[in-house]
Amino acid sequence: MAVTLTVNGRRRTIAAAPDTPLLYILRNDLELNAAKFGCGMAQCGACTVLVDGKPVRSCVTPALAVTSTKITTLEGLGSANKLHPLQKAFIEEQAAQCGYCMNGILMTAKVLLDKNSNPSDTDIKRALDPVLCRCGSHLRVIRAIKRAARTLQARA
C-alpha cells in the first residue's frame with residue numbers, strides 16, 4: 001500500500017503499510033535522520049516531529065494518522081546554509097553533548113517559541129520536561145533558547 005505524506009513542504013508517496021510508525025518512514029524511506037528511535041513508547045521525546053505545528057512522538061504515530069497534515073522535522077527548520085535561529089543558537093551556545101535528545105529539545109523549543117516569544121527559565125523547563133535528557137547541558141540549552149528568542153524578537 002502507498003502512504004502520501006507532506007514532510008518539510010514536500011509531498012511524498014511511500015510504499016508502506018498504513019500502521020507503519022511515522023518515525024520508520026522518516027528515517028528509512030525519506031532518509032531524514034534527525035528524529036531518533038529512543039524508547040519506542042512515546043516517553044523520551046527523541047522522535048519528536050511537528051504535525052501541524054504541534055509536537056508529536058513519531059515512534060507511536062501511524063503514518064495513516066498524519067496523511068492530511070503538514071509534518072516538519074528538524075531538517076525542515078533550516079538548512080546548513082540558512083539555519084533556523086534555534087539551530088544557530090544551539091551551535092553558538094554549544095548546547096548539545098551526546099546530541100541524542102537534541103531533536104526532541106529543538107522541536108519542543110520551536111513550539112514553545114511559537115507560543116511564547118519571551119519565555120522565562122521556568123517556561124523553558126516546563127516545556128522541555130517531557131523530553132528525556134541525561135547529558136547535563138541543561139543550562140546551555142536554556143541559554144540557547146533564550147538567545148533564539150531574542151533573535152526571533154529582533155526579526156519581528
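1. Let's start with the pocket. In this predicted model, the largest pocket is lined by Ile-105, Lys-125, Leu-128, Asp-129, Val-131, Cys-133, His-138, Val-141 and Ile-142. Its volume comes out at about 150 Å³.

2. What sort of residues make up that lining? Sorted by class, there are 6 nonpolar, 1 polar and 2 charged residues around the largest pocket.

3. Now see which helices take part. Helix H5 (121-128) and H6 each give the lining of the largest pocket at least two residues. H6 provides the largest share, with 3 residues.

4. Next, turn to how two of the helices pack. Two packed helices are described by the angle between their axes and the distance between the axes. For helix H4 (residues 102-115) and helix H6 (residues 138-155), the axes come within 11 Å and cross at roughly 40°. Because of that angle, H4 counts as oblique to H6. As for handedness, H4 passes H6 in a right-handed crossing.

5. Which residues actually touch here? On the H4 side, look for Met-102, Ile-105, Ala-109, Leu-112 and Leu-113. On the H6 side, the partners are Val-141, Ile-145, Ala-148, Ala-149 and Leu-152. Have a look at the classes too: the contact of H4 with H6 has 10 nonpolar residues, with no polar and no charged ones.

Note on methods:
Residues are numbered from 1 along each chain as its sequence is written. This is a predicted model: local features need pLDDT of at least 70, side-chain atom pairs count only at pLDDT 80 or more; totals for chains, interfaces and linings use all residues. Side-chain values use heavy atoms; hydrogens and water are left out. Axes are lines fitted to C-alpha atoms, for helices over the stretch in contact, and angles run from 0 to 180 degrees between N-to-C directions. Helices (H or I, at least four residues) and strands (E, at least two) are DSSP runs, numbered from the N terminus. Angles under 35 degrees count as roughly parallel, over 145 as roughly antiparallel, 65 to 115 as roughly perpendicular and the rest as oblique. A crossing is left-handed if the near helix is turned anticlockwise from the far one by less than a right angle, and right-handed if clockwise. Contact means heavy atoms within 4.5 Å. Ala, Val, Leu, Ile, Met, Phe, Trp, Tyr, Cys and Pro count as nonpolar, Asp, Glu, Lys and Arg as charged, and the others, Gly among them, as polar. On a 1 Å grid over the protein atoms alone, a cavity is a set of points where a 1.4 Å probe fits but cannot get out, and a pocket is an open set with protein on both sides within 12 Å along at least five of seven lines; lining residues have an atom within 4 Å of a point. Grid points are joined across faces, edges and corners, and a volume is the space filled by probe spheres set on the points.
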